[in-house]
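Please consult the sequence and the structure alongside them.

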Amino acid sequence: MQKEAVLITGAAGEIGQALVEQLAESHKPLVTLDLQDLPVGLSKHSTHIKGSVAEKEVIAFLQDEFTFTRIYHLAALLSTKAERAPALAYEGNVGGSVLLLELAARQSEQSGKPVQFIFPSSIAIYGMPDLRTKAANPRASEDEWNQPATMYGCNKLAVEHLGAYYAQRYMQLANEERTRLDFRALRFPGLISALTLPTGGTSDYGPEMLHAAANGEPYACFVRPDTTIAFMAMPDAVKALLGLAAAPAKVLKRTAYNVSSFSLSAEQFRQQVFKSFPQAQISFAPDAKRQGIVDTWPMDIDDGAARRDWGWAPEFDLQRCFNEYLVPNIRKRYTE
Ligand code: AKB
């Protein structure tokens with residue numbers, strides 16, 4: 001007998017760990033999938049499968065063992081790592097997503113209930129053509145500048161479109177009506193966690209700068225001081241995922257929503273870090289190629305649609321994020 005469950009892929013990643021922590025009590029049974037093991041403290045909360053979303057055997061095992069009501073598909077190779085291995089990124093980021101969309105489509109048909117498929121997309125789907133255009137258009141809304149400049153950005157935009165296809169058009173030539181999956185996506189800015197360090201992204205300079213300062217290590221920032229993008233505290237990212245998942249389908253007017261919190265330059269980020277770690281040694285040593293990627297991302301994104309349609313609002317603005325979430329928890333992490 002298949003067990004009803006909630007699935008989290010990429011569960012050992014930054015968002016994954018925060019989401020497992022949050023869902024541990026409320027969502028049972030919880031099934032987690034990742035190439036890595038879950039950290040000891042989290043592994044007791046789920047049935048963990050070690051494997052890749054791009055492996056057909058892994059997806060077939062999940063299909064046979066569980067009936068999923070909701071899937072948080074977080075597994076992804078982030079922008080910098082994906083640029084270093086584009087084909088591998090495509091295989092995992094898009095190929096793996098299609099295997100999971102197919103699983104959700106089949107289970108929606110079998111149960112007659114739409115499986116909810118929650119997908120974290122990214123500011124990386126945007127492609128600002130140059131710095132003048134970026135400065136002249138500080139808050140990108142969902143339907144503009146969708147010309148990603150990275151493999152990762154292309155992957156995220158492709159899965160947004162594929163998800164909408166599976167939710168609205170899948171098997172449209174078939175005679176009989178069918179129950180389709182319920183696809184919902186969020187475009188996240190750079191995320192900052194006090195408990196984990198980023199791996200393989202290009203917005204990583206922010207969290208790396210802060211964690212290095214807290215750990216008493218010098219840090220050379222790989223982007224220019226004027227580089228500006230949006231960021232969000234990890235608890236708000238989890239809040240957004242749960243908020244979108246809980247929204248009644250009838251209030252949603254699009255499948256992909258921007259969500260944002262605060263936008264600042266790398267220099268402003270450094271000044272914010274100095275407030276709590278005045279001894280920090282933070283310099284700038286721009287990496288022209290990675291700089292080129294961040295320069296195509298908007299300074300901020302317009303999340304008016306998410307606020308209007310399903311009441312999105314972040315808990316943490318810049319000051320609260322640093323003073324109430326990041327600094328107290330990071331201090332604990334590096335002093336205890
Ligand atoms: C990355 O830098 O690749 C991610 C993102 C902005 O989606 N953190």
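Q: What volume does the largest cavity have?
A: This is a predicted model, in which local features need pLDDT of at least 70, side-chain atom pairs count only at pLDDT 80 or more, and totals for chains, interfaces and linings use all residues. Residues are numbered from 1 along each chain as its sequence is written, and side-chain values use heavy atoms, with hydrogens and water left out. On a 1 Å grid over the protein atoms alone, a cavity is a set of points where a 1.4 Å probe fits but cannot get out, and a volume is the space filled by probe spheres set on the points. A search of the whole structure finds 1 cavity of 30 Å³ or more, and the largest cavity has a volume of about 40 Å³.

Q: Which element gives the most to the lining of the largest cavity?
A: The lining, made of residues with an atom within 4 Å of a point, consists of Ala75, Ala76, Asn93, Ser97, Phe119, Asn155, Lys156 and Val159. Two or more of these residues come from each of helix H5 (86-111) and helix H7 (151-168). With 3 residues, the element that gives the most is H7.

Q: Which element provides the largest share of the lining of the largest pocket?
A: A pocket is an open set with protein on both sides within 12 Å along at least five of seven lines. The largest one holds about 1,200 Å³ of space and is lined by 48 residues, with Leu74, Ala75, Ala76, Leu77 and Leu78 nearest its centre. The largest share, 5 residues, comes from H5.

Q: Which elements give two or more residues to the lining of the second largest pocket?
A: The second largest pocket contains about 290 Å³ of space. Its lining has 15 residues, and Gln17, Ala18, Glu21, Leu195 and Met234 lie nearest its centre. The elements that give two or more residues are H1 and H9.

Q: How are H1 and H9 oriented to each other, roughly parallel or roughly perpendicular?
A: Helix H1 (residues 14-23) and helix H9 (residues 234-246) pack at about 65 degrees with their axes 10 Å apart. Angles under 35 degrees count as roughly parallel, over 145 as roughly antiparallel, 65 to 115 as roughly perpendicular and the rest as oblique. H1 is therefore, relative to H9, roughly perpendicular.

Q: Which residues of H9 make the contact with H1?
A: Contact means heavy atoms within 4.5 Å. On the H1 side, the residues are Glu14, Ile15, Ala18, Leu19, Gln22 and Leu23. On the H9 side, they are Met234, Val238, Leu241 and Leu242.

Notes. Axes fitted to C-alpha atoms, helices over the stretch in contact; angles between N-to-C directions. Helix = DSSP H or I, 4+ residues; strand = E, 2+ residues; numbered from the N terminus.
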